[in-house]
Amino acid sequence: MIDKTKQIIVYGADWCPDCHRSRGLLTDLNISFVYIDIDKNQAAKKKMLDLTGGRNVIPTIILPDGKILQEPSNQELEAALGVNLKQTAQDKEYIYDVIMIGGGPASLTAAIYTTRERIETLILEKGVVGGMAALTDVIDNYPGFEEGVTGLDLADHLQKQAERFGSKIDYNEVTSITIEAGNIKRLKTTNGDLLAKAVLIATGSDYKKVNIPGESEYFARGVHYCATCDGAFYRDKKIAVIGGGNSAVQEALFLTRFASHIDLLVRSSIKASDVLQEKIDELVSEGKITVHLQTKTLAIEGENNEVKRVLIEDGSSNKSKLEVDGVFVFVGLEPNSKFLVDSIIELDDIGFVKTNDNLETAMSGVFAAGDIRSGATMQIASAIGEGATAALKIRHYLEG
Ligand SMILES: Cc1cc2nc3c(=O)[nH]c(=O)nc-3n(C[C@H](O)[C@H](O)[C@H](O)COP(=O)(O)OP(=O)(O)OC[C@H]3O[C@@H](n4cnc5c(N)ncnc54)[C@H](O)[C@@H]3O)c2cc1C
C-alpha cells in the first residue's frame, strides 16, 4: 500500500489523453499528487528526462519510493500503488446483459443505446476511453460540428452521455472469449473472468511497426506513432515521417505546426486524396516538407538516447542519411483481434472480424462494430452508426 504522506509527481501535458486518464484515476482513488505540465516548465521537463534516461513519454509518474512509471495502464498504476479501484471480478458468477470490448466511439454509442433501454452494460477498455478518436487532434468531418471538434472533446461527451444512462466503464484488457452452457460468454481479462449474455467486439486497430533497426530501441525517445500525442515535443525540430497513405500525409501536415522541417519518406508513391496532395504540394513549395518517393527507410540511428538520423535508400539503391530529431511512423493499422485467434469467431485474411448484415459474428450472441469489423470504412461517423445498429441487434438477441 502506498505511503499517502509522501508526494506522487505526475509529469504530463494538457493535450495528452493518457495524462488525463492517469490523473483521473489518482483523483478517483483519492490519492494526492503534484501535477507538472512539462510544456509550461522546461526545467521540470529536463528533470523528467534526466530521471528517465531520456525517455520522452508522458505521463511519467514518480512514486514516493522513487519508482518511475511511464504511460502506465490503470492496472499497472493500481498495482504499483497497491490499490484497486474497481474489483470487477468481485462476483465471478455475476452475468452482465452485455459486455462491450473497447471504449471507442462504436462501444460508447452502443452503450448509450443499451443502457437507455435498461440493458446492463459494462465497457472494458485497455487504454484510453474514446479510442483512436481521442488520440485525433481535430475531427473536421464528424457531422454536427461546423468548426470541427477535438478528439478529446468528442470522446469526453460520448463517455459522459453513456455514463449518464448508467454504463459502467472498467480499465481492463480482454484476452479471450469462450462460450459456455446456456449461451453465456466467458471473457478472460487481465483482472479475472467476466460473464455476459451478449458481447460487442469494438476493439478497433493499432499502429503498425516498420520493423527496422533502431525502431524499438528509440521508441518514445525519438520514434513515435501518434502525432497528436507526441508532435508537440518537436517544436522547431526536424522530423522524418515514414508512410505515404492518407493518414501519413494527414499526420505530416499536422506535424508542420511544430516541426521546422519534415522529410516524408514514401516507399512507392503517395496514395492520398487530392485535397491532401494539394496541401502537401503547397508545403513542398514553401520548403517546409521534402517528399522522398521510392524510398526505403533502412534504419533509425542515434546517440546518447536521442535520434540523430535515418538511413534511407532511393529507387537506384543509393544510400544516404538524413539528419532528424524524431521519426513518426504511419504505415497503417493492424486489427486488435489477437485475443480472438483461438476462438470460433471468424477473421478475414488481415485479422478483421467477419460479421453478417446484423453485425453478428460466428459466435452466437457476439457482435462486432466499428473499425475492427471486416469491411469497415474506418470513420468515426461509421463506427458510431454501427454502434447504434449493434445495440438494436443486441436488444433483439437478448429479447430472445
Ligand atoms: C491518425 C488518425 C486520424 C483519424 N482521423 C479521423 C477523422 O478525421 N475522421 C474520422 O471520421 N475518423 C478518423 N480516424 C478514424 C477513427 O479514429 C476511427 O474510425 C474510430 O475511432 C473507430 O472507432 P472504434 O470504436 O471502432 O475503434 P477505436 O476508436 O480504435 O477504439 C477501440 C478501443 O478498443 C480498445 N481495445 C483494443 N483491444 C482491446 C482489448 N483486448 N480489451 C479491451 N480494450 C481493447 C482500444 O484501446 C481502443 O480504445 C482517424 C484515425 C487515425 C489513426
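**Exercise 1. Work out how strand 11 connects to strand 12 in this predicted model.**

Step 1. Start with the link: two residues carry the chain from strand 11 into strand 12, and the two strands form a hairpin.

Step 2. Next, look at the pairing. Strand 12 covers residues 192–201, and five bridges hold it antiparallel to strand 11.

**Exercise 2. Now turn to strand 10 and describe how it pairs with strand 11.**

Step 1. Strand 10 takes in residues 174–180 and runs antiparallel to strand 11, with six bridges between them.

Step 2. Then visit the turn. Three residues separate the strands of this hairpin, and G182 in the turn shows a positive phi of about 75 degrees.

**Exercise 3. Sort the residues of strand 11 into a covered and an uncovered face.**

Step 1. K185, L187 and T189 make up the covered face, while I184, R186 and K188 make up the uncovered one.

**Exercise 4. Describe the shell of residues around the ligand.**

Step 1. Of its 36 residues, G102, G104, G131, G204 and G370 come nearest to the ligand.

Step 2. By type, the shell holds 16 nonpolar, 15 polar and five charged residues.

Step 3. Finally, trace the elements involved: those supplying at least two shell residues each include helix 4 (105–116), strand 6 (121–125) and helix 10 (380–398).

Notes
Residues numbered from 1 in each chain as written. Predicted model: local features only at pLDDT ≥ 70, side-chain atom pairs only at ≥ 80, totals over all residues. Near = placed C-beta within 6 Å. Helix = DSSP H or I, 4+ residues; strand = E, 2+ residues; numbered from the N terminus. Nonpolar A, V, L, I, M, F, W, Y, C, P; charged D, E, K, R; others polar. Buried ≥ 20, exposed ≤ 12 C-beta atoms within 10 Å, placed from the backbone. Pairing = 2+ DSSP bridges.
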